[in-house]
Amino acid sequence: ARPVPGYDLAGRSIPAQTVGGDYFDFVFIDDRHLALCLGDVSGKGLPASLLMANLQASIRSQVLAHASVTECLRRTNTLLYRSTNSKTFVTAFYCALDLDRHELRYANAGHNPPLLFRASGKPERLERGGLVLGVVEDSKFQEATCRMEPDDLLVVYSDGVTEIRNAAGEEFGEEGIIAVVNEDRNRPAEKVLEAIVEATFEFGGDQ
């Protein structure tokens with residue numbers, strides 16, 4: 001993997017079935033800008049995985065074209081709308097990180113709000129954006145910018161994490177992620193990731 005100066009990245013996808021519909025990517029736009037995307041396709045199995053591959057191709061093509069955050073989601077939405085049925089949709093979070101300015105420009109297309117843990121204070125929920133992808137042909141998206149400070153930690157996840165239930169029917173939820181990160185936030189990204197995964201399996205048991 002290509003190193004990202006000043007940042008520590010980790011990602012993992014664990015499909016609920018043999019193949020899954022979740023997709024995440026780290027892609028360099030140029031030497032000083034990094035794109036990050038996480039998408040969650042409705043449904044599971046082979047149809048979802050095929051649409052996920054379509055999503056990946058679209059996002060990567062927009063990155064290569066140096067599209068803005070909002071343009072990337074707008075064009076991807078149009079493509080998905082024209083190539084799927086009305087019952088299929090994708091939630092997605094897309095952002096571009098400026099490695100010199102340490103600014104994160106993002107737009108959220110109906111996805112679980114990523115959590116930006118500041119070195120002090122409560123985590124911020126990155127919600128600004130628009131509708132899920134593939135439902136309305138001409139969707140518009142708004143973007144927001146936040147500054148990344150030293151020791152900040154960004155956690156981007158799908159509902160496969162938060163909707164895990166225990167034997168009592170309770171969901172792991174955002175609260176579960178926050179509790180783990182508050183305990184492990186000063187460790188490397190891969191270790192924080194492992195701690196979240198382990199916590200979800202322990203919480204869900206054999207559910």
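Does histidine 102, at 27% relative accessibility, count as buried, exposed or partly exposed? Histidine 102 counts as partly exposed because its relative accessibility is 27%, where buried means under 20% relative accessible area, exposed means over 50% and partly exposed lies in between, with a 1.4 Å probe and protein chains only.

The model is predicted, so local features need pLDDT of at least 70 and side-chain atom pairs count only at pLDDT 80 or more, while totals for chains, interfaces and linings use all residues. Residues are numbered from 1 along each chain as its sequence is written, and side-chain values use heavy atoms, with hydrogens and water left out.

**Two loop histidines**

Histidine 102 is found in the loop between β3 and β4, and histidine 66 in the loop between α1 and α2; helices here are DSSP runs of H or I with at least four residues, strands are runs of E with at least two, and both are numbered from the N terminus. Most residues other than glycine have a negative phi. Histidine 66, however, has a positive phi of about 60 degrees, and histidine 102 has a positive phi of about 55 degrees.

**The nonpolar cores**

A nonpolar core is a set of buried Ala, Val, Leu, Ile, Met, Phe, Trp, Tyr and Cys residues joined through side-chain atoms within 4.5 Å. The largest such core has 25 residues, of which Leu55, Ile59, Val63, Leu73, Val90, Tyr94 and Leu133 touch the most other members. Two or more residues come from each of β1 (22-30), β2 (33-41), α1 (45-64), α2 (69-83), β3 (90-98) and β4 (103-109), and the largest share, six residues, is given by α1. A second, separate core holds 15 residues, including Phe28, Leu34, Tyr106 and Cys146.

Valine 90, leaving aside its neighbours within four places in sequence, is in contact (heavy atoms within 4.5 Å) with residues that include Leu51, Leu55, Leu80, Val132 and Leu133. Leu80 is also among the buried residues of α2, as are Val69, Cys72 and Leu73.

The spans of two helices can be set beside the expected value, which is 1.5 Å times one less than the number of residues.

| Helix | Residues | End-to-end C-alpha distance | Expected span |
|---|---|---|---|
| α5 | 16 residues | 23 Å | 22 Å |

The axes of α4 (residues 173-184) and α5 (residues 189-204) come within 10 Å and cross at roughly 140 degrees; axes are lines fitted to C-alpha atoms, for helices over the stretch in contact, and angles run from 0 to 180 degrees between N-to-C directions. The two helices are therefore oblique to each other, since angles under 35 degrees count as roughly parallel, over 145 as roughly antiparallel, 65 to 115 as roughly perpendicular and the rest as oblique. Ile177, Val180, Val181 and Asp184 of α4 make the contact with Val192, Ala195, Ile196 and Ala199 of α5.

Valine 181, which lies in α4, counts as buried because its relative accessibility is 0%. Apart from neighbours within four places in sequence, valine 181 is in contact with Phe117, Leu153, Val155, Val192 and Ile196. The C-alpha atoms of valine 181 and leucine 193 are separated by 9.0 Å, with the two residues 12 residues apart along the chain.

The buried residues of α5, among them Val192, Leu193 and Ile196, pack against β9 (153-155), α3 (159-162) and α4. Just after α5, glycine 205 takes a positive phi of about 60 degrees.
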